[in-house]
Amino acid sequence: MTQLLKSHYDVIVIGAGPGGLAAAIEAKKHGADDVLMIDRDLELGGILLQCIHNGFGVETFKEDLPGPSYAQRFINEAQTVGIDYLLDTIVLDVTPERKVYTTGTRTGFQELSATAIVLSMGCRERTRAQIRIPGPRPSGVFTAGTAQRWVNVEGYMPGSRFVILGSGDIGMIMARRLTFEGAKVERVLEVMPYLSGLSRNYVQCLLDFDITLQLKHTVKRIIGNDRVEAIEAVAVDDKWQFIPGTEEIIPCDTLLLSVGLIPENELSQKAGVALDPVTAGPYVDDGFATNIPGIFAAGNVVHVYDLVDWVTAAGRTAGKRAAMFAQDSCNEDPRYVPTRAGENVRYVVPHQIDPETLTQDSIMLQMRVTRPLEQPVTVQVTDGDTLIAKKSERYARPGEMVSLTLKGKEYDAVRKAKELKVSVVTK
Amino acid sequence: MITTEKMICITCPMGCTLEVTREGKTLLNVEGNTCKRGEKYVQEELTDPRRMVASTVRVQGGVHPLVPVYTAAPVPKPRIFELLAQLRKVEIPAPVTMNQVVLENVLGEGINVIASRDMPVAE
């Protein structure tokens, strides 16, 4: 815990999960003297602390680590390089003038200011209210992440017979985890015709333990008054309409929801940061700068990633740029080229790029496809009839982020482009 | 009998879809892997399937009642529940440091179960 809090910082980082930790460390390494992280939890690390399964760090460390180990490495580094942090503290408000108002039971009300801010609040889970499941409201309906926190950190089992709605990674990983702890997972239901998480999790979390996944199925209603007693599952058609006659009552005492994540941007909006309605995160440039000067955003707050390694990479970029902004060494007058989602692409991050970046760094364009393309595809960047960059992938799936990296050799083409249309086309 | 089937490599998050041709447990051909580990995965999956196991053990006097742990190397898949039953009996005192050995040589496999993070003593 910080003993002597300053009233002004070069860089304030809001949220100390993987994006925030990487941003804070990188800001410090790039010459920001006073860096502060603020987090509402009692310890640094964010949601990684409850993700006790392995699979983290394959890109960053070339090692396969559990979530808490991945976090611990950054926590240790943050402490070594001398970053201040405020825990058990919630940020109430952020202004476009980069004032930050916080409160906490131990820290009291504080007014702080920063030359640059990195928003790294992450994302939160969609709940029952957002997917409108009818029926009574008994105990026993939880989001998968809440159950994960209880089982892995706090030591509580939320039930004994589970149905999981949604084939996101957290849902599948919890199916395995609950099985490990002696519970029975009756079914995983997915409304889409394809898996929404990583394929490897289908194998090692569901197939390994004979847990049945039903695609194009959802929960029609929840049964039970005080506690969940069963759910009624139903098949859906291509328009998500229930197919009459396919109903099935599945007895269970708990329904877990793994039905998507939404970037958490209430604070961003208070600061005047413009949001992309498709990602629900800020519009950003290649340095993760938002539309408000000096306010950057990194990680799941921008768009929801499937690998923490990319969150770390985004945090590093945002932290470096925040430090540069604090030292007045950013490109003052960037001549942005916008990116645009083309064929089969739902969105592209960043939304605009400064071609000058390519004289020093590469730029990773990150996207999600609109539908599964289970055949060889070309990921390409075009401007009108001009092909600027391309690469091949053997398939593209909505559950797995697709990327294409622009390099220095593309500088001239990008500089001359009116826009960068990013498409994923079948061969 | 020679069979061809699809398998998903679980070695890394890429999750390559592999086309595996085999005769019983004898691997004849693997296609679709983007690195060498894909072939190794299939070979092991046919003869000695293994998995990394992550769970928790009880901690006395820590900031949380549990500390997350994991196997330092993959363990035989059919013996996962045997290992979990052993972990359920373990209770260690705080403080715990990351990579501390929590249980040695589990299942006689020469593999240790280690702590995934530091667990400081509760104030």
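Two strands are taken as paired if DSSP finds at least two bridges between them, and in this predicted model strand β14 (residues 217-223) of chain A and strand β15 (residues 230-235) of chain A are joined by six bridges and run antiparallel.

**View 1. The hairpin of β14(A) and β15(A).** Within this antiparallel pair, Val219(A) has Ala233(A) of β15(A) as its bridge partner. The hairpin has six residues between its strands, and in it Gly224(A) adopts a positive phi near 130°. Five of the seven residues of β14(A) are buried, so this strand is largely enclosed by the rest of the structure.

View 2. Pro251(A) belongs to strand β16 (residues 248-251) of chain A. Is this proline buried, exposed or partly exposed? With 13 other C-beta atoms within 10 Å, Pro251(A) is partly exposed; a residue would need 20 or more such atoms to count as buried. When residues up to four places away in sequence are not counted, Pro251(A) touches Arg161(A), Glu229(A) and Ala230(A). Ile231(A) lies 20 residues away from Pro251(A) along the chain, and the C-alpha atoms of these two residues are separated by 6.5 Å.

**View 3. Helix α5 of chain A.** Helix α5 (residues 169-180) of chain A consists of twelve residues and reaches 17 Å from its first C-alpha to its last, which is close to the 16 Å expected at 1.5 Å a residue. Twelve of the twelve residues of α5(A) are buried, so the helix is largely enclosed by the rest of the structure. The buried residues include Asp169(A), Arg176(A) and Arg177(A), together with Ile170(A), Met172(A), Leu178(A) and Phe180(A). Just after α5(A), Gly182(A) takes a positive phi of about 95°.

**View 4. Strand β23 of chain A and its two partners.** Strand β23 (residues 363-369) of chain A is mostly covered, six of its seven residues being buried. Strand β21 (residues 345-349) of chain A pairs with β23(A) in the antiparallel sense over four bridges, and Val349(A) has Gln366(A) in β23(A) as its bridge partner. Strand β26 (residues 402-406) of chain A also runs antiparallel to β23(A), to which it is joined by five bridges. In that pairing, Met364(A) stands opposite Thr405(A) of β26(A).

**View 5. Asp383(A) and the residues it meets.** Asp383(A) is found in strand β24 (residues 377-383) of chain A. This aspartate is partly exposed, with 17 other C-beta atoms within 10 Å. Which residues does Asp383(A) contact, leaving aside its neighbours within four places in sequence? They are Ile388(A), Ala417(A), Lys418(A), Glu419(A), Leu420(A) and Lys421(A). Of these contacts, Glu419(A) is 36 residues from Asp383(A) in sequence, while the two are 5.8 Å apart in space, C-alpha to C-alpha.

**View 6. Domains 2 and 3 within chain A.** The domain assignment divides chain A into domain 1 (1-124 + 261-330), domain 2 (128-259) and domain 3 (332-427). The C-alpha centres of domain 2 of chain A and domain 3 of chain A are 35 Å apart, and five residues of domain 2 of chain A are in contact with five residues of domain 3 of chain A. On the side of domain 2 of chain A that touches domain 3 of chain A, the residues comprise three nonpolar, two polar and no charged. As a setting for this view, chain A has nine helices and 27 strands. Its radius of gyration is 22 Å, close to the 22 Å that the globule rule gives for 427 residues, so chain A is as compact as a globular protein of that length. Along its principal axes, the C-alpha trace of chain A spans about 65 × 60 × 40 Å, and 52% of the 427 residues of chain A count as buried.

**View 7. The side of chain B that touches chain A.** Contacts between the chains involve 21 residues of chain B and 21 residues of chain A. The elements giving two or more residues to the side of chain B that touches chain A are β5 (54-60) and β6 (66-71) of chain B. The residues on this side of chain B divide into twelve nonpolar, five polar and four charged. Chain B itself is divided into domain 1 (2-47) and domain 2 (54-115), and the centres of these two domains of chain B, taken over C-alpha atoms, are separated by 30 Å.

Methods: Residues numbered from 1 in each chain as written. Chains lettered and ligands numbered in written order. Predicted model: local features only at pLDDT ≥ 70, side-chain atom pairs only at ≥ 80, totals over all residues. Contact = placed C-beta atoms within 7 Å. Nonpolar A, V, L, I, M, F, W, Y, C, P; charged D, E, K, R; others polar. Domains from an automatic or database assignment. Rg over C-alpha atoms; globule rule 2.2 N^0.38 Å. Expected span 1.5 Å × (residues − 1).
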